[in-house]
Structures are given as C-alpha cells and as structure tokens.
Amino acid sequence: MLVLETDDWGLERRASSESLRSFGEPGERADEETETADDLRRLFDVLERHRDETGRPAAFSANFIVANPDHDAIARDRYDVYHEIPIDARMDLHSVYRKA
C-alpha cells in the first residue's frame with residue numbers, strides 16, 4: 001500500500017517571483033498557486049488507477065489550511081486588522097475535496 005501525506009492544501013498563494021527578484025533568482029515555486037478543481041480531479045484519477053497487489057488504491061492524507069488571509073481587506077485596513085477567508089469559501093474546490 002502506498003500512503004501519501006501532504007500539507008498546505010487550500011493555501012492561497014500569490015505569485016512572488018517579481019518581488020523576490022531583488023534578493024536573487026527566485027526558485028521554481030515562487031509563482032506556485034493554489035490547487036484547482038481540475039488539479040484535484042487529475043490527482044484523484046491517478047491515485048485510483050494505481051493499486052497494490054491486493055487491489056487497494058493509494059491512500060492520500062491531505063492536511064488543510066482552514067483559512068487564508070484576506071490580503072485585500074488587510075491592506076484596506078492599513079494592516080491594522082487581520083481578516084481571513086475560510087477555506088469553504090472556495091466552493092469550486094470544496095465540492096471536489098468532499099468527493100474524494
């Protein structure tokens with residue numbers, strides 16, 4: 001049996017290669033973005049197709065970020081107030097997560 005454990009699912013990322021360039025050449029993950037519903041469907045398809053000798057599919061443990069900073073609202077409040085957006089606000093992802 002294959003067990004995969006990953007973290008930071010649902011983490012909202014912003015492209016940062018331009019702002020990091022002043023410190024040197026940004027790494028390959030500098031512009032990494034949040035997974036899409038299509039990314040998840042393709043991952044689940046791969047996991048379902050690959051089975052062990054007894055027919056069991058790979059197990060996948062995803063550790064989720066439960067809320068993300070609302071960067072725009074934080075900036076509007078001049079960084080004096082923290083605002084967050086719960087992960088279930090992304091219904092496109094939420095419905096695919098629930099099917100897995």
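Reader: Which residues of H4 are buried?

Author: In this predicted model, the buried residues of H4 are Leu93, Val96 and Tyr97. Seen down the axis of H4, these buried residues fall within an arc of 105 degrees, so they line one face of the helix.

Reader: And what is exposed on the other side of H4?

Author: On that other side, Met91, Arg98 and Lys99 are exposed.

Reader: Which residues make up the largest nonpolar core?

Author: The largest nonpolar core has 6 residues, namely Trp9, Ala37, Leu40, Leu93, Val96 and Tyr97. At least two residues of this core come from each of helix H2 (37–49) and helix H4 (91–99), and H4 gives the most, with 3 residues.

Reader: What does leucine 40 touch, not counting residues up to four places away in sequence?

Author: With those sequence neighbours set aside, leucine 40 touches Trp9, Glu35, Leu93, Val96 and Tyr97.

Reader: Changing topic, where is aspartate 52, and is that residue buried or exposed?

Author: Aspartate 52 is in the loop between H2 and strand S2 (59–64). Its relative accessibility is 16%, and because buried means under 20%, aspartate 52 counts as buried.

Reader: What polar contacts does its side chain make, then?

Author: The side chain of aspartate 52 makes a polar contact of 2.8 Å with the side chain of threonine 54, and a polar contact of 2.8 Å also joins the side chains of aspartate 52 and arginine 56.

Reader: Now aspartate 70: where is its place?

Author: Aspartate 70 is in the loop between strand S3 (67–69) and helix H3 (71–76).

Reader: What does the side chain of aspartate 70 reach at 3.1 Å?

Author: At 3.1 Å, the side chain of aspartate 70 reaches the backbone nitrogen of alanine 73.

Reader: Which residues is aspartate 70 in contact with, leaving aside neighbours within four places in sequence?

Author: Apart from those neighbours, aspartate 70 is in contact with His83, Glu84 and Ile85.

Note on methods: Residues are numbered from 1 along each chain as its sequence is written. This is a predicted model: local features need pLDDT of at least 70, side-chain atom pairs count only at pLDDT 80 or more; totals for chains, interfaces and linings use all residues. Side-chain values use heavy atoms; hydrogens and water are left out. Helices (H or I, at least four residues) and strands (E, at least two) are DSSP runs, numbered from the N terminus. A polar contact is a pair of N or O atoms within 3.5 Å; within protein, one must be able to donate a hydrogen and the other to accept it, and residues adjacent in sequence count only if both atoms are side-chain atoms. Contact means heavy atoms within 4.5 Å. A nonpolar core is a set of buried Ala, Val, Leu, Ile, Met, Phe, Trp, Tyr and Cys residues joined through side-chain atoms within 4.5 Å. Buried means under 20% relative accessible area, exposed over 50%, partly exposed in between (1.4 Å probe, protein chains only). The arc is that of the directions from the helix axis to the C-beta atoms.
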